[in-house]
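Dear colleague,

Please find below the structure that I am handing over to you. A summary of the findings comes after it.

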Amino acid sequence: MEYKVTVATGTSEYSGTNNYIYVTLVGERGESERTVLDNPGLDFRRGAVDDYTVKSSADLGPLILVRLEKQKYWVEDNWFCRYVKVSVPGQRCSYTFPCYRWLVGDKVVVELREGTAKKIKYTMNHWKEDWFFGYQFLNGSNPRMITKCKELPSNFPVTGDMVQSSLIPTTTLKEELKEGNIFLVDYAIMDGIPANVIRDRIQHIASPLCLLYEHPEKGLIPIAIQLGQKPDKDTPIFLPSDPPLAWLLAKMWVRHSEFQVFQLLSHLLRTHLVVEVICVSTLRQLPAVHPIYKLLTPHLRYTLEINCRGRTQLLSMDGIFKKVVSTGGDGLLILAQREYKVLTYRSLQPKFDFLDRGVTKLKDYFYRDHSMMLWNVIQNFVSGIVSLYYKSDSEVEQDSELQAWIHDVAVEGFLKTKEELITLLSVAIFTSTAQHAATNNGQFDWCAWVPNTPCTMRHPPPTDKDAVTMGMIMDTLPDISQSCVEMAITWHLGRAQPDAIPMGQYVEQYFTEPAALRVIDKFRKELKELEEQIIAQNEGLELQYLYLCPSRMENSITI
């Protein structure tokens, strides 16, 4: 594809520049080549409107943003950009990206959104609806918590009469439990976590249980919520039939727990920190010529750096979590320690994760479906590379460098077979690409409208359903400054990175052998086919799930 790109420079004095200007077009289906804008003669003169051609290996789909980069030529020379226009030859569609700002400094990057005015986000319109609440357990930023409920927990005394109005009239809770249509999300791990103190004011934490029903017409909907692990008169069971504000506040408390769990456990611990262990071991134990080093290193790019930044800027005692999140400070450390004790290698493998949670037949579980497709492609790729260098299980056992590597990963670990090696490497690559994308890339979508996923709560959970008022809800939610920080940090962490390398694209060519390069080419082809399949599955859906499109995933954890 070739795109016509028009760039307009400011008309005021000194608006022009002699620096290098690069542009990248970002669409729903991928990104264009990073292109230097250079025509014969002088570019970007004051008042100039210049046309350029930007090429892409494939149709990018509807354009989302334009990425502009400025680098100095001989000396630093500021530039004022008015706008960028993009048109597709042979098509009537065109896009305008207003800028109207100075680009100051060397290697400065700005990302411009398309200029069409847009109304409020989808989440803001639908966050109160029960189906949307249930949908987020399947395809939101924390899609790994929901489990099939075979029998109700003893500390969650829901009766059939309580929830009958939420079920179809011809069935009962007992029958739906037997049929496998009842599901549970349990935040027991939050029980007793010490709450943060923000500006001398104690915050509040709950440990909810949420019962959900796969309704044949409405989809997955909540039917009962208890905001603590110990049922008593001060811990009532909230129901959809309760006063609307009471039911809404109960759901908000569940979503508040979701924020803590997905940020600290599903995102930080189960992707960033798991991959950090593999990264450190790879750098310590495998020489750069080792095939496993060559296989893994593109998927470990910048992970140590971003983890160090996360520790200092997000998690430290003067970091962002301490300032605005209810589990900031000591709470997040205790929460992570609890999860670490129950984290299993088996749960990092998607097939077993879905089997063990009993969710293999849940409808519209796009995270599950796309994860399994990606896992198969990744495992085939890893198998192809490993089989080039290890012809038998004995060669795996006898590779002293490889054994030192796995020992560093798991202390007393020992690889005996090719299959074990392939699985472990697949886990490493899947975690650093697909699993991280699933928990990271959508957080602005789900958290920017703060009442949908509050970062903290300033009042304790309600004990009286009839006493809930809008004033109580507003006093409980994060205040304006906390909300602004939540919006800013989820935008920053979830946005597409300017120097992102999409999954399966290897800028550095570590493998030089033709056979290995053929395996990589096959991997890229399968990823492209998988993306086309995901795009086709989403056609016609009002709420699309595109976080696991390979072109939208990074090759490594860099944010």
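Predicted model: local features only at pLDDT ≥ 70, side-chain atom pairs only at ≥ 80, totals over all residues.

Residues are numbered from 1 along each chain as its sequence is written, and side-chain values use heavy atoms, with hydrogens and water left out.

Nonpolar cores

A nonpolar core here is a set of buried Ala, Val, Leu, Ile, Met, Phe, Trp, Tyr and Cys residues joined through side-chain atoms within 4.5 Å. Buried means under 20% relative accessible area, exposed over 50%, and partly exposed in between (1.4 Å probe, protein chains only). The largest such core has 115 residues, of which I146, W405 and L421 touch the most other members. Helix 5 (residues 244-285) gives the most to this core, contributing 18 residues; helices (H or I, at least four residues) and strands (E, at least two) are DSSP runs, numbered from the N terminus. Leaving aside residues up to four places away in sequence, L421 touches I292, V386, Y390, V396, L402, W405 and L415, where contact means heavy atoms within 4.5 Å. Another core, of 26 residues, lies apart from the largest one and has V5, V84, V108 and V110 among its members.

Helix packing

Axes are lines fitted to C-alpha atoms, for helices over the stretch in contact, and angles run from 0 to 180 degrees between N-to-C directions. Angles under 35 degrees count as roughly parallel, over 145 as roughly antiparallel, 65 to 115 as roughly perpendicular and the rest as oblique.

The axes of helix 5 and helix 9 (residues 330-342) come within 10 Å and cross at roughly 55 degrees, so the two helices are oblique to each other. In their contact, Q260, L264, L265, L269 and R270 of helix 5 meet L332, L335, A336, E339 and Y340 of helix 9.

Helix 11 (residues 366-389) and helix 14 (residues 418-440) pack with their axes 8 Å apart, at an angle of about 135 degrees. Helix 11 and helix 14 are therefore oblique to each other as well.

A strand residue

V109 belongs to strand 9 (residues 108-113). Because its relative accessibility is 32%, V109 counts as partly exposed. The C-alpha atoms of V109 and R67 are separated by 7.0 Å, although these residues are 42 residues apart along the chain.
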